[in-house]
Amino acid sequence: MTHPSKVLHEAGRQPVVLPVCDHYAGSEKLMRKSLALQAERGAKSGTPDFDVTLDCEDGAAVGLEREHASLVGELAASDANKFGRVGVRVHSVHHPAFMEDLKVILGLAANRLAYIMIPKVNTASDVTSAVDAVDHLSMVAGRTTPLPVHVLIETHGALREVFRIAAHPRVESLSFGLMDFVSSHRGAIPAAALTAQGQFSHTLVARAKAEIAAACHAYGKVPSHNVVMELDQPDLLATAAQQAHAQFGFTRMWSIHPAQIAPIVSAFSPSSQDVADAERILLAALEADWGPIRDSDASGQASRLHDRASYRYYWDVLRRARAAGIALSSNINNKFFQEI
């Protein structure tokens, strides 16, 4: 059997797929609660439907950066990190605590981390410097596989070089830092652009979102959408998540409150119909050895031609569904996911 990962993407290089929600927590109480919630939700399907990012940049009190990094490293290395889907946001490359964060955290948990988030880069060279530091200190700590790096795009310089940053082979995902991006315009972008809906209508903000998503998709990386600050308005969050996914092409989104996780997972996960279509079409494609097929929907009335272009789409649907903890048929799991 020729596996879809080998026949549908150039040289077998599949686009990165990650859990659709990235949940941030900075205080000890919230970090522990987030890890417990991840374990609880993940136990239902055997895989978590959201990542947890332990936050040093906004979580550490001034003057206590090393102590906070130690706590973060200990939590990431502990049994509370049940699935190995825990990342860390360190201080920026230009902050005095950046190298100390990496030394402490990687020294404690290099082999348990899913990624390192690098904030406030200004250039692609900043990313290269950060990756070099991560790689060196990971190796010193005994990690033998590359540690994925995520990057926050929140400055004018980073947006200007976003395609170069996305092209970096060690970068797995780019996130949009809405609040820092708006504030960097020194009042030229009104505060309304920070709201759940206003952020989609301001031209400069919408342009930044589109550029980030386009750069990620050009290089098979994951575009991650920014936070929604309205914590007590779930309808606004759900609408923003749907718009970020359907209109701007983001495939992942930040959460800053546990109540935001479920709506984000719902908005960004493939629908049951998409999954059913993907399973039916790819099983037929496999039978045809990935040649063209003619597919009919459940009613038998709508007949469509499918080939490798659409097979790639449906293969990515299945990979995204699996990353979101959606149950796939045993036939699909046996044929397509035993090798992964």
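Before anything else, my burial terms: buried means under 20% relative accessible area, exposed means over 50%, and partly exposed is in between, with a 1.4 Å probe and protein chains only. Glycine 142 was my test case, and at a relative accessible area of 40% it is partly exposed.

Ground rules. This is a predicted model, so local features need pLDDT of at least 70 and side-chain atom pairs count only at pLDDT 80 or more, while totals for chains, interfaces and linings use all residues. Residues are numbered from 1 along each chain as its sequence is written, and side-chain values use heavy atoms, with hydrogens and water left out.

**Entry 1: whole chain**

I looked up the secondary structure and got 15 helices and 10 strands. Helices (H or I, at least four residues) and strands (E, at least two) are DSSP runs, numbered from the N terminus. The radius of gyration is 20 Å, close to the 20 Å that the globule rule gives for 340 residues, so the chain is as compact as a globular protein of that length. For the record, that radius is taken over C-alpha atoms, and the rule is 2.2 Å times the number of residues to the power 0.38.

I also noted the box: along the principal axes, the C-alpha atoms fill roughly 65 × 45 × 35 Å. Of the 340 residues, 53% count as buried.

Next, contacts, which here mean heavy atoms within 4.5 Å. Among contacts in the chain with a separation of 6 or more, 72% are between residues 24 or more positions apart.

**Entry 2: surface and charge**

I have the accessible surface of the chain at about 14900 Å², with 52% of it belonging to carbon and sulfur atoms. Areas come from the Shrake-Rupley method with a 1.4 Å probe, and for residues only the protein chains shown count as cover.

I found 32 positive and 36 negative side chains, with the centres of the two sets 3 Å apart. Lys and Arg count as positive, Asp and Glu as negative, and His and the chain ends are not counted. Each charge is placed at NZ of Lys, CZ of Arg, CG of Asp or CD of Glu.

**Entry 3: domains**

The chain splits into domain 1 (21–268) and domain 2 (271–337). Six residues from domain 1 and five residues from domain 2 make the contact. Those bounds come from an automatic or database domain assignment. Over C-alpha atoms, I get 31 Å between the two domain centres.

I then checked helix α12, residues 258–268. Its buried residues are Gln260, Ile261, Pro263, Ile264, Val265, Ala267 and Phe268. What do the buried residues of α12 pack against? My list has the strands β1 (21–25), β2 (50–55) and β8 (252–255), plus the helices α2 (28–45), α11 (234–246) and α14 (308–323).

Alanine 69 sits in α3 (residues 65–77), and its relative accessibility of 0% makes it buried. Not counting residues up to four places away in sequence, alanine 69 touches Cys56, Asp101, Val104 and Ile105.

I moved on to α4 (residues 98–109), where leucine 108 is found. Leucine 108 is partly exposed at 41% relative accessibility. With residues up to four places away set aside, leucine 108 touches Ser70, Gly73, Glu74 and Ala77.

Is alanine 109 buried or exposed? Alanine 109, also in α4, is buried, with a relative accessible area of 1%. Leaving aside neighbours within four places in sequence, alanine 109 is in contact with Gly73, Ala76 and Ala77. The C-alpha atoms of alanine 109 and glycine 73 are 5.5 Å apart, across 36 residues of sequence.

**Entry 4: loops**

Back to glycine 142, which I placed in the loop between α5 (124–140) and β5 (149–153). Glycine 142 and leucine 106 are 36 residues apart in sequence and 9.2 Å apart in space, C-alpha to C-alpha.

Last stop, the loop between α13 (272–287) and β9 (293–296), which holds aspartate 289. Aspartate 289 has phi near 55 degrees, a positive value in a residue other than glycine. Tryptophan 290, in the loop between α13 and β9, has a positive phi of about 70 degrees although it is not a glycine. I looked up the accessibility of each: aspartate 289 counts as exposed at 53%, whereas tryptophan 290 is buried at 2%.
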